[in-house]
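Please keep the sequence and the model at hand while reading.

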Amino acid sequence: RGRMAKSKFEYVKSFESEDKLLPNCWIVVRVDGKSFHKFSEKHEFEKPNDIRALHLMNRAAVKVMEHFKDIVISYGDSDEFSFILRKDTEIFNRRGFKIMTYINSLFSSSYVYCWKQHFDVKLKFPPFFDARIILYPTDENLRDYLSWRQVDCHINNLYNTTFWALVLKGGLTNQEAEKRLCGTVTADKNEILFSEFNINYNDEPEIFKKGTILLRKKIRSPNSDHFKKVIIPLHEDLISEKFWNIHSEILTIKSGQEYAYDSVEALP
Ligand code: ATP
Ligand code: ATP
Ligand code: MG
Ligand code: MG
Ligand code: MG
Ligand code: MG
Ligand code: MG
């Protein structure tokens with residue numbers, strides 16, 4: 001660092017710890033909103049699922065993917081998003097703190113930056129997010145990680161859908177609804193929704209039940225040689241083999257490689 005003269009203070013730099021991540025592992029960064037239970041109330045989110053808030057989360061995640069090209073897939077629901085970087089990425093020399101803090105910071109600032117496009121109500125205070133970084137050595141570990149998050153989305157959504165039906169349509173207090181649901185299993189909640197509120201859980205919007213998967217695709221518009229790179233949102237099952245067969249490039253893509261789809265129609 002040419003201009004910066006060495007000073008007697010410079011030894012403090014040596015206290016910084018090495019944070020280079022193990023090579024050849026999938027890198028996962030997950031961010032999660034701080035106290036969004038409260039944040040969502042203060043900003044008048046619709047319960048149980050405010051679609052504006054989900055679209056804002058997805059928008060912020062797209063901003064992150066637009067900047068960090070080594071992210072091959074992202075998955076989000078509620079107030080959280082997971083970003084998966086290619087296992088052979090050399091971004092920031094695989095320095096974990098850099099990768100995690102930049103992603104977290106860009107996500108948080110994009111959430112605020114895009115707020116006005118999604119909400120009429122003004123931001124009352126700055127939202128913030130925690131982040132963690134996790135390494136997965138095998139493809140199976142990575143798939144199980146994503147399956148874990150999607151199952152979590154499903155469990156929480158079924159609970160929240162039933163809870164808010166009991167409160168908003170059934171007239172129960174929050175405490176009564178909580179007590180009613182204590183110890184219930186999936187079948188019980190489906191039954192409450194169907195028999196008491198005429199709601200078939202299967203008919204709920206896919207974005208609520210499955211969360212959002214963001215993928216990169218290079219698509220050719222029909223009747224043209226023109227390709228464009230897009231980030232597409234999917235709201236479907238990623239646990240089954242089918243998803244990984246259709247989108248097999250996620251696990252095999254190398255740096256600088258492109259993968260093409262013939263047309264938008266070729267997408268599922
Ligand atoms: P890196 O991403 O590696 O941090 P950088 O461009 O941010 O790269 P820094 O060493 O962090 O490099 O230096 C920050 C630079 O930002 C300064 O060199 C200067 O050019 C600019 N900068 C920061 N604050 C100010 C300011 N208040 N007024 C003018 N320029 C500023
Ligand atoms: P922590 O700081 O520990 O993460 P938290 O209050 O953010 O606490 P979470 O487990 O992260 O708790 O849950 C997020 C909460 O944010 C949900 O339980 C829900 O109340 C609210 N929330 C998030 N997204 C939405 C949405 N799209 N619509 C309505 N409410 C939402
Ligand atoms: Mg600086
Ligand atoms: Mg939490
Ligand atoms: Mg949270
Ligand atoms: Mg959360
Ligand atoms: Mg700087």
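Buried means under 20% relative accessible area, exposed over 50%, and partly exposed in between, with a 1.4 Å probe and protein chains only. This is a predicted model, in which local features need pLDDT of at least 70, side-chain atom pairs count only at pLDDT 80 or more, and totals for chains, interfaces and linings use all residues. Residues are numbered from 1 along each chain as its sequence is written, ligands are numbered from 1 in the order in which they are written, and side-chain values use heavy atoms, with hydrogens and water left out.

**Metal site**

- Asp32 (OD) and Asp79 (OD) coordinate the magnesium ion (ligand 6) at 2.0 to 2.2 Å. Donors are N, O and S atoms within 2.8 Å of the metal (3.2 Å for Na, K and Ca); water is not among the atoms, so sites may look incomplete.
- Asp32 belongs to strand 1 and Asp79 to the loop between strand 2 and strand 3, so the pair ties together parts that are 47 residues apart in sequence. Helices (H or I, at least four residues) and strands (E, at least two) are DSSP runs, numbered from the N terminus.
- Asp32 counts as partly exposed because its relative accessibility is 23%.
- Asp79 counts as buried because its relative accessibility is 12%.
- The magnesium ion (ligand 4) lies 4.6 Å from the magnesium ion (ligand 6).

**Nonpolar cores**

- A nonpolar core is a set of buried Ala, Val, Leu, Ile, Met, Phe, Trp, Tyr and Cys residues joined through side-chain atoms within 4.5 Å.
- The largest such core has 32 residues. Phe83, Ile103, Phe107 and Tyr111 have the most contacts inside it.
- Two or more residues each come from strand 1 (26-33), helix 1 (36-42), helix 2 (51-67), strand 3 (80-85) and helix 3 (96-113). Helix 2 gives the largest share, eight residues.
- Another core, of 20 residues, lies apart from it; Ile73, Tyr75, Leu142 and Ile250 are among its members.
- Beyond its neighbours within four places in sequence, Phe107 is in contact (heavy atoms within 4.5 Å) with residues including Val31, Met57, Phe83 and Phe129.

**Cavity**

- The structure holds one cavity of 30 Å³ or more. On a 1 Å grid over the protein atoms alone, a cavity is a set of points where a 1.4 Å probe fits but cannot get out, and lining residues have an atom within 4 Å of a point.
- The largest cavity contains about 50 Å³ of space.
- Its lining includes Leu54, Met57, Asp77, Glu80 and Ile207. Helix 2 gives the largest share, three residues.

Technical notes
On a 1 Å grid over the protein atoms alone, a cavity is a set of points where a 1.4 Å probe fits but cannot get out, and a pocket is an open set with protein on both sides within 12 Å along at least five of seven lines; lining residues have an atom within 4 Å of a point. Grid points are joined across faces, edges and corners, and a volume is the space filled by probe spheres set on the points.
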